[in-house]
Amino acid sequence: MTSRRALVPAVAAIALGLSGCGALTSDDSSSASGSGDSAGSSTVATGLYPLQYVAQRVAGDAFEVENLTQPGGEPHDLELGVGQTAALSDAALLVYVDSLQPAVDEAAEEVGGPELLDAAEVVDLAPFEDEHDEHSDEEHSAEEHSDEEHGEDEHSEDEHAEEDHSDHDHGELDPHFWHDPARMAALGDAVAERLSEIDPDRAEDFEERAADLRSDLEALDEEFVSGLADCEITTVMTNHDAFGYLEGYGLELASINGISPDAEPSPAALAALQDLIDETGITTVFSETLVSPQAAEVLASDAGVDTAVLDTIEGLTDETADEDYLSLMRSNLAALQEANRC
C-alpha cells in the first residue's frame, strides 16, 4: 500500500492566557509588540490540537506554537476574547480549518497581521460519507445503511437533520481530516512551505522536519491499513460524526448525534441505531473525549453492548496531557481492533 499525498504550509506560536479571556502573548525577543505588524513575529496561532501538533513538528524551535483552544476545551465552542483577537494581529501565521470553529473563522476575516493557512484548502477535505475512497471500494456509510435498511419516516429524518445542523454546521465537507494520517502529512508539507516563506533562512530545516513527520505518518497509516484489514465487524458506532475518515480503512461509521456532539437523537433514530447494532453484531458503542458519554452509554445499555472511548484528538485533556497525536491514534486503533475483532 502506498501512503498518500503531497504537503503544504504552516504554524508557529501563540501563548494563551490561562483564564477564559486571557490574551495571547508572543516571544518577547522577536515578536512585534502591539504594532499590528506580524513581520519578525515568532508566534503562530493554531485553532485546535491537531494543527498545533503538525506546526510544532515542522517549526521545531524556530517558532513557538500554541493552541487557541485551551486543554480540555471543546474546539467547536471556542470563543476568543478581545485581547486574544488583538494579539492575533501580531502573530506570524494563523492555522485553522474553515467552518470548524466560527470564532476563529471570524478572527481570520478581521485580523490584519498574520498570514492565514486554511487547512481546508490544502488537505483535500472529503464530503461527508465519502471519506472512505482512499482505501476501500465501499459505496455507502453506516448512516446511509441505517436510513436505507430501516426507513426512518420523513418527520424523523427532518428532525434529525435539524439536530445535525443546528450547531457546528460544517457544510458539505468533513473537517475532521486528522483521522487520516495522509492528510495530516499534506498539512505538514503546507506548513513547511509557508514557514519557509516567512523565514527563508530556515527553509531547509522546515522541509526536513516535514519529511520526518511524513515518514511517521506514513508508518501510522500502514498500521491502520494492516490493523483493520481483517475485522470480523466492519461497522463502528460513535457519539458524533467526527470519525468519518476512518472509512478509508474499510470501516463503516454510524453516529448517534450526527455532526453535532451535543445533539439529542430522536426516538426513531435511536430505534434505528439499535436495529443496526443487532443487524451488524456491533459489540461496542464508542463515546468520546471532551463531551458527555451519556448518549452512548444509554444506547449501549439499551442494546446490551459495551462502551469504550475513541479520542476525537481535537484536544488534549488532563488525562491525555502526556500523549500526542501519534499515541492517541494508536490507542484508537487498539480500541477499534478490540471492538471489531480485528
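## Ground rules

The model is predicted, so a local feature is taken up at a pLDDT of at least 70 and a side-chain atom pair at pLDDT 80 or more, while totals for chains, interfaces and linings use all residues. Residue numbers start from 1 along each chain as its sequence is written, and side-chain values use heavy atoms, with hydrogens and water left out.

## The overall picture

The protein has ten helices and eight strands. Both kinds of element are DSSP runs numbered from the N terminus: helices are H or I with at least four residues, strands are E with at least two.

Of the 342 residues, 57% count as buried. Buried here is under 20% relative accessible area, exposed is over 50%, and partly exposed is in between, with a 1.4 Å probe and protein chains only.

Let's start with the pairings, where two strands pair if DSSP finds at least two bridges between them. Strand β1 (residues 43–46) runs parallel to β2, with four bridges, and Thr 43 has Glu 64 as its bridge partner in β2. β1 also runs parallel to β3, this time over three bridges, with Val 44 opposite Leu 93. β3 in turn pairs with β4 in the parallel sense through four bridges, and there Val 95 stands opposite Leu 117.

Val 65, in strand β2, counts as buried because its relative accessible area is 3%. Its C-alpha atom is 6.6 Å from that of Ala 55, ten residues away along the chain.

Over in strand β4 there's Leu 116, which is partly exposed because its relative accessible area is 33%. Leaving out residues up to four places away in sequence, Leu 116 touches Leu 93, Leu 94, Tyr 96, Ala 108 and Arg 194. Arg 194 is 78 residues from Leu 116 in sequence, yet their C-alpha atoms are 9.4 Å apart in space.

## Two positive phi values

Asp 124 sits in the loop between β4 (115–118) and α4 (142–150). It isn't a glycine, but its phi is positive, near 60°. With a relative accessible area of 47%, Asp 124 is partly exposed. Leu 187 is 63 residues from Asp 124 in sequence, with 9.9 Å between the two C-alpha atoms.

Arg 341 belongs to the segment after α10. This residue isn't a glycine either, and its phi is positive at about 55°. Why does Arg 341 count as partly exposed? Because its relative accessible area is 47%.

## The second largest cavity

A cavity is a set of points on a 1 Å grid over the protein atoms alone where a 1.4 Å probe fits but cannot get out, and lining residues have an atom within 4 Å of a point. Points are joined across faces, edges and corners, and a volume is the space filled by probe spheres set on them. That rule gives two cavities of 30 Å³ or more.

The second largest cavity holds about 30 Å³ of space. Its lining is made up of Ile 233, Thr 235, Val 236, Met 237, Ile 282, Thr 283, Thr 284, Phe 286, Ala 339 and Asn 340. β5 (235–238), β7 (284–288) and α10 (325–340) are the elements that give two or more residues to this lining, and β5 gives the most, with three. By class, the lining has six nonpolar, four polar and no charged residues. In this scheme Ala, Val, Leu, Ile, Met, Phe, Trp, Tyr, Cys and Pro are nonpolar, Asp, Glu, Lys and Arg are charged, and the others, Gly among them, are polar.

How values were computed
1 Å grid on protein atoms, 1.4 Å probe; cavity = no way out; pocket = protein on both sides within 12 Å on 5 of 7 lines; lining within 4 Å. Contact = heavy atoms within 4.5 Å.
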